Amino acid sequence: MNDYRMGTKCVQAGYKPGNGEPRQIPIIQSTTFKYDTSEDMGKLFDLEAEGYFYSRLQNPTNDHVAAKIAAMEGGTAAMLTSSGQAANFMALFNICECGDHIVASSSIYGGTFNLISVTMAKMGITATFVSPDATEEELNAAFKPNTKVMFGETIANPALTVLDIELFAKVAHAHGVPLVVDNTFPTPVNCRPFEWGADIVTHSTTKYMDGHGAALGGAIVDSGNFDWMAHADKYPGLCTPDESYHGITYAEKFGKEGAFITKCTAQLMRDFGSMQSPNNAFILNLGLESLHVRMPKHVENGQAVAEFLEKHPKVAYVNYPGLPSNKYYKRAQKYLPNGGCGVVSFGLKGGREAASTFMQNLKLGAIETHVADARTCCLNPATSTHRQMTDEQLIEAGVPAELIRISLGLEDKEDLIADISNALDAIK
């Protein structure tokens, strides 16, 4: 599908039915697959033949949808996972092991920050966090001899910082390591990180890709560009025999185009089992088919609301990279010329009390921890996800008491602005 545009890929990529076969991707809701002989199945276990034997590793429904996402991102191979968190963990752990080091942007989703800084640290994998605005010299200074990967988010959740992908990729490659980028918020409709030098892309498909809050899921896509064998000393897991899987050397057998995803499937998915269900993959595909139509509407609504909020006297500040006043505006114009996403964060001059009043008076914006949904959803971290923190601790965490995060859905922007305006009017 490389010769086709994004909309065509969203609708058609990943699955081509044969004569008399289902037009829609079929749901193969089966844990196992039957073979006539043990030899036939043995070839699958030896990775000598294509096919399926157990859905914990691979399933036809999932593979069709993963192939679509790979085409959309411009990658060579992809896999689905049970969640975006599983995708990020497996993408990093597929490269790192005990004693290794990660360089990551400090402005990333809190769950991913905790994954890297706490949980992976318990596995003996350390990390250095750098500002998304760090200079090339500062980024270089974060690397160590045992650094194996660099990580960032195209648009950070919820800080809405924009990653300088090209610079991060340049520095990562200078140190002989790949750059992994979480591209959840823009989706490949609005940004394709591989075109700027990223090597591996992850997604929480739960967000815009699904788009309807219906199914948890994640995805990992490999660009096929990083030459693992050229850095074989750094990546023994990919470049030396895997004794847990018949002594296969992934980078030799599957090349740079297929080694990463094959290892992640045959080794990590086998051992951790964080597979996406075929039914969730089917739901995800329904979302993907309209992604190219939905994303411009999310961006339109996000831009309109951000512009309204910026002019409102009760609003202290607005974070949205589509605003010319935003510090990431020029960077967003480079990487996200068609806009980024529909998520806006802003602070109210009245602090915690004003934020609470605003939330209570919203009618269209549902109070949820979710974002990137067809329906507008809103969150005040100080009174929900971070309610155990003091005001001082909230400031340190980057989510001050007055902060509101709103994810603009697909409703009419005039109705959304009117609803937000009414909620602001209720603040005394």
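These legends describe close-up views of one predicted model. Local features need pLDDT of at least 70, side-chain atom pairs count only at pLDDT 80 or more, and totals for chains, interfaces and linings use all residues. Residues are numbered from 1 along each chain as its sequence is written, and side-chain values use heavy atoms, with hydrogens and water left out.

**View 1. Lys207 sits in the loop between strand 6 (200-204) and strand 7 (218-222).** Helices (H or I, at least four residues) and strands (E, at least two) are DSSP runs, numbered from the N terminus. An unreviewed UniProt entry places the feature "modified residue: N6-(pyridoxal phosphate)lysine" at Lys207. UniProt positions are given in the numbering used here, feature names are shortened, and annotations may be inferred rather than shown by experiment. Is Lys207 buried or exposed? Lys207 counts as buried, because its relative accessibility is 18%. Buried means under 20% relative accessible area, exposed over 50%, and partly exposed in between (1.4 Å probe, protein chains only). Not counting residues up to four places away in sequence, Lys207 touches Thr184, His370, Val371 and Ala372. Contact means heavy atoms within 4.5 Å.

**View 2. Asn183 lies in the loop between strand 5 (179-182) and helix 8 (187-190).** Its relative accessibility is 0%, so Asn183 counts as buried. Apart from neighbours within four places in sequence, Asn183 is in contact with Glu73, Thr154, Pro188, Cys191, Pro193, Val201, Thr202 and His203. Leu291 is 108 residues from Asn183 along the chain, and their C-alpha atoms are separated by 14 Å.

**View 3. Helix 4 (residues 84-93) packs with helix 10 at an angle of about 115°.** Two packed helices are described by the angle between their axes and the distance between the axes. Here the axes are 10 Å apart. Axes are lines fitted to C-alpha atoms, for helices over the stretch in contact, and angles run from 0 to 180 degrees between N-to-C directions. Helix 4 passes helix 10 in a right-handed crossing. A crossing is left-handed if the near helix is turned anticlockwise from the far one by less than a right angle, and right-handed if clockwise. Which residues of helix 4 and helix 10 meet? From helix 4 come Phe89, Met90, Ala91 and Phe93, and from helix 10 come Phe260, Cys264, Leu268, Met269 and Phe272. By class, this contact has 9 nonpolar, no polar and no charged residues. Ala, Val, Leu, Ile, Met, Phe, Trp, Tyr, Cys and Pro count as nonpolar, Asp, Glu, Lys and Arg as charged, and the others, Gly among them, as polar.

**View 4. Helix 12 (291-310) passes helix 16 (residues 413-425) in a right-handed crossing.** Helix 12 and helix 16 pack at an angle of about 35°, with axes 10 Å apart. Helix 12 brings Glu300, Asn301, Ala304, Val305, Phe308 and Leu309 to the contact, and helix 16 brings Lys413, Leu416, Ile417, Ile420, Ser421 and Leu424. These residues divide into 8 nonpolar, 2 polar and 2 charged.

**View 5. Helix 11 (residues 278-288) is mostly covered.** How many of the 11 residues of helix 11 are buried? The count is 8 of 11. Among them are Pro278, Phe282 and Leu288. The buried residues pack against helix 1 (6-12), helix 3 (60-73), strand 1 (77-81) and helix 12.

**View 6. A search of the whole structure finds 0 disulfides.** A disulfide here is a pair of cysteine sulfur atoms within 2.5 Å. For Cys264, the nearest cysteine sulfur is that of Cys96, 12 Å away. Cys264 is buried, with a relative accessible area of 0%. For Cys378, the nearest cysteine sulfur is that of Cys377, 8.2 Å away.

**View 7. The peptide bond from Asn157 to Pro158 is cis, with omega near 5°.** Most residues other than glycine have a negative phi, and most peptide bonds are trans. Pro158 is in the loop between strand 4 (147-153) and helix 7 (165-174). Leu160 is also placed in the loop between strand 4 and helix 7. Phi of Leu160 is near 60°, a positive value. Leu160 counts as buried, at 1% relative accessibility.
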